[in-house]
Amino acid sequence: DVVIGNKALIRSGARIMHTVIGNDFVAGENCAIGTNGFTMAEGEDGNYIRIPTLGGVIIGDQVEVSALTNVSRGSAGNTILEDHVKIDSLVHIGHDAHLHKNVRLPAGVIVGGFDELMERSYVGINAVLRNRIQIGEEVTVGMGSVVTKSYTEKGITVVGNPAKPFTKK
């Protein structure tokens with residue numbers, strides 16, 4: 001259930017499933033693409049049970065997913081990495097996330113389920129994005145920030161825990 005375009009470089013230990021990949025793709029060592037998302041529901045007995053993950057992953061052209069990174073498949077739809085997305089090592093992409101063109105994620109970033117990162121957004125090292133938020137076009141999220149709500153104004157920078165727009169004083 002994997003389709004891979006032309007000129008892919010898939011390094012040792014990479015695991016890819018439930019995925020359609022474009023051209024000029026790079027998968028780093030021991031990355032995992034198409035894994036089950038962390039989708040849980042409370043059962044009638046009060047215990048949590050896993051909801052099956054039925055979607056996939058769609059990856060565009062000239063995308064890089066570096067070593068030890070995890071890209072979860074969509075829960076019912078797809079997790080999408082558009083063209084020219086660059087993801088460093090040790091990053092987690094939650095189920096049903098949508099990363100638009102030229103999104104860049106350095107080491108340690110966590111993107112929650114159903115998050116949407118618009119074109120040319122950048123998330124700093126070790127930043128965490130809560131699930132179901134949107135990061136606007138050309139928005140920069142500062143290193144180590146914890147983003148708990150959407151920031152859609154084009155070109156702003158948000159920093160801190162919780163993240164807030166950065167203003168020079």
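Ile 4 counts as partly exposed because its relative accessibility is 37%, where partly exposed lies between buried, under 20% relative accessible area, and exposed, over 50% (1.4 Å probe, protein chains only). Welcome to this structure, a predicted model in which local features need pLDDT of at least 70, side-chain atom pairs count only at pLDDT 80 or more, and totals for chains, interfaces and linings use all residues. Residues are numbered from 1 along each chain as its sequence is written, and side-chain values use heavy atoms, leaving out hydrogens and water.

**Around Ile 4**

- Ile 4 sits in strand E1, residues 2–4; strands (E, at least two residues) and helices (H or I, at least four) are DSSP runs numbered from the N terminus.
- Together with Val 2 and Ile 10, Ile 4 makes a nonpolar surface patch of about 200 Å².

**The whole protein**

- There are 25 strands and zero helices in the protein.
- Along the principal axes, the C-alpha atoms fill a box of roughly 55 × 50 × 20 Å.
- Of the 169 residues, 43% are buried.

**The nonpolar core**

- The largest nonpolar core has 35 residues, and Leu 99 and Leu 105 have the most contacts inside it; a core is a set of buried Ala, Val, Leu, Ile, Met, Phe, Trp, Tyr and Cys residues joined through side-chain atoms within 4.5 Å.
- Beyond its neighbours within four places in sequence, Leu 99 is in contact (heavy atoms within 4.5 Å) with residues including Ile 80, Ile 93, Leu 105 and Leu 117.

**Two buried loop residues**

- Val 63 lies in the loop between strand E9 (56–59) and strand E10 (64–65), and counts as buried because its relative accessibility is 0%.
- Leaving out residues up to four places away in sequence, Val 63 touches residues including Phe 25, Leu 81 and Val 85.
- Thr 53 lies in the loop between strand E8 (48–50) and E9; at 6% relative accessibility, Thr 53 counts as buried.
- Among the contacts of Thr 53, leaving aside neighbours within four places in sequence, are Asn 36, Thr 39 and Arg 73.

Notes
Patches are made of residues with over 30% relative accessible area and no salt bridge: like charges are joined within 9 Å, nonpolar side chains (Val, Leu, Ile, Met, Phe, Trp, Tyr) within 5 Å. Accessible areas come from the Shrake-Rupley method with a 1.4 Å probe; for residues, only the protein chains shown count as cover. A salt bridge is a side-chain nitrogen of Lys or Arg within 4 Å of a carboxyl oxygen of Asp or Glu.
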